[in-house]
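Look over the sequence and the structure first, then read the points below.

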Amino acid sequence: ARVNSEQEHFLIVPFGLLYSEVTASSLVKINIQGDVVDRGSTNLGVNQAGFTLHSAIYAARPDVKCIVHIHTPAGAAVSAMKCGLLPISPEALSLGEVAYHDYHGILVDDEEKVIIQKNLGPKSKVLILRNHGLVSVGETVEEAFYYIHNLVLACEIQVRTLASAGGPDNLVLLDPGKYKAKSRSPESPAGEGTVSHPKWQIGEQEFEALMRMLDNLGYRTGYPYRCPALREKSKKYSDVEIPASVTGYSFTSDGESGTCSPLRHSFQKQQREKTRWLNSGRGDDASEEGQNGSSPKSKTKWTKEDGHRTATSAVPNLFVPLNTNPKEVQEMRNKIREQNLQDIKTAGPQSQVLSGVVVDRSLVQGELVTASKAIIEKEYQPKVIVSTTGPNPFNKLTDRELEEYRKEVERKQKGPE
């Protein structure tokens, strides 16, 4: 890559490092005469053949700012074919005029520089070194990468096609003059919210997509994006889109700017993870601050560890009974969940109606009847005794009423006789 055009300095890979070992600090800065300006972070030198190729192109093409030279199996195979690169794919058509340079051995002679400059010409962006490899040039790094990327794909397509077709005579060749490149700037429909996109140069849109992929993987490229892919849209939350939440947290911002510090953001994330078992909706949104610093959207805060409830607003909690201990609610919920997992039938949460009633009855022989299983599990355990023969319906009748009832029964048994 060319550093500046005045002093003709450019960066080149040090000779001896694997490509996976090369970093920005290890690149060697060298001038067009071959003098090392900055050795970088290594003690290695520069490949003479690589310097000859790059310096020849930079000297003849002031418009070139970046050069890519690679050796791939498919590219070397196409460079050894008499037919050269065939126009059989869109990738091949996108390269424009392709130049060729015959093989003269290792590029160390200064006389070969002139031949390279003549073969490349003033406009070509792709140079195929016969029986050697591939070269692409560009006014930017993005453009040089675009051409070398399509050149590699075109060579791979040609090698596989020739292997299956049996020869160039069986291929359908395209006319490069018939298919002209169109404008690369995307057209957006006019309407509300539309923004003008930048005029993309060759390779910039594809290069930004690759840099986005690296940034998403965590490589931190630092690439300055001209057009962010995602559009920032202010979404209005509603009760239909996001359900109500059992718990929520309200944090005040660190400063007047309204931005949270990384430490506070980390603390909020830890708190949200700890209480995620209670959340059923938007419990992770920080509330907005009011004019006096108070939070108008503060919510009731329930925590798993604390044994008390801290309410930051007067809005009652619709999901938890008032004047209850959060620990008891949590224990009862966990107990019900365990019973559901173990498929144990239960009467559910016990009633608090008879919590203050104490019944003291003596236990005699008979059947023990209770209203709820939960009442039996309490300490007072009321015991209700019911006779096995059932209650006597004549206990409250007088002797005269019993005598009349007996005569009525006897009269009915005798019948109409």
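Is His54 buried or exposed? His54 is buried, because its relative accessible area is 14%, and buried means under 20%, exposed over 50% and partly exposed in between, with a 1.4 Å probe and protein chains only. This is a predicted model: local features need pLDDT of at least 70, side-chain atom pairs count only at pLDDT 80 or more, and totals for chains, interfaces and linings use all residues. Residues are numbered from 1 along each chain as its sequence is written, and side-chain values use heavy atoms, with hydrogens and water left out.

**Overall picture**

- The protein has 10 helices and 10 strands. These are DSSP runs, numbered from the N terminus: helices are H or I with at least four residues, strands are E with at least two.
- Of the 417 residues in the protein, 26% are buried.
- The accessible surface of the protein is about 29,300 Å². Carbon and sulfur atoms hold 53% of that surface. Accessible areas come from the Shrake-Rupley method with a 1.4 Å probe; for residues, only the protein chains shown count as cover.
- Take the contacts (heavy atoms within 4.5 Å) with a separation of 6 or more: residues 24 or more positions apart account for 54% of them.

**His54 and its surroundings**

- His54 sits in helix H1, which covers residues 48–60.
- His54 touches Phe10, Ile67 and His69, leaving aside residues up to four places away in sequence.

**Cysteines**

- The disulfide count is zero, where a disulfide is a pair of cysteine sulfur atoms within 2.5 Å.
- Cys83 is partly exposed, at a relative accessible area of 35%.
- Cys155 is buried, at 0%.

**Aromatic pairs**

- The structure holds six aromatic pairs. Rings of Phe, Tyr and Trp (its six-membered ring) pair if their centres lie within 6.5 Å; planes under 30 degrees apart count as stacked, over 60 as edge-to-face and the rest as tilted.
- One of the pairs is Phe145 with Phe207, an edge-to-face pair at 5.7 Å centre to centre, with 80° between the planes.
- Phe145 lies in helix H5 (residues 141–165) and Phe207 in helix H6, so this pair ties together parts that are 62 residues apart in sequence.
- Phe145 is partly exposed at 33% relative accessibility, whereas Phe207 is buried at 12%.
- Tyr146 and Tyr147 also form an edge-to-face pair, at 5.5 Å centre to centre and 70° between the planes.
- Tyr146 is buried, with a relative accessible area of 14%. Tyr147 is buried too, at 7%.
- Phe145, Phe207, Tyr223 and Tyr225 make up one aromatic cluster.

**Nonpolar surface patch**

- Phe145 also belongs to a nonpolar surface patch with Leu210, Met213, Leu217 and Tyr219. Together these residues have about 510 Å² of accessible area.
- Patches are made of residues with over 30% relative accessible area and no salt bridge: like charges are joined within 9 Å, nonpolar side chains (Val, Leu, Ile, Met, Phe, Trp, Tyr) within 5 Å. A salt bridge is a side-chain nitrogen of Lys or Arg within 4 Å of a carboxyl oxygen of Asp or Glu.
- Leu217 lies in the loop between helix H6 (204–216) and helix H7 (262–274). Leu217 is exposed, at 59% relative accessible area.

**Positive phi in loops**

- Arg220 has a phi near 55°, a positive value in a residue other than glycine. Arg220 is in the loop between H6 and H7 and is exposed, at 76%.
- Asn131 has a positive phi near 55°. Asn131 is placed in the loop between strand E7 (126–129) and strand E8 (133–138).
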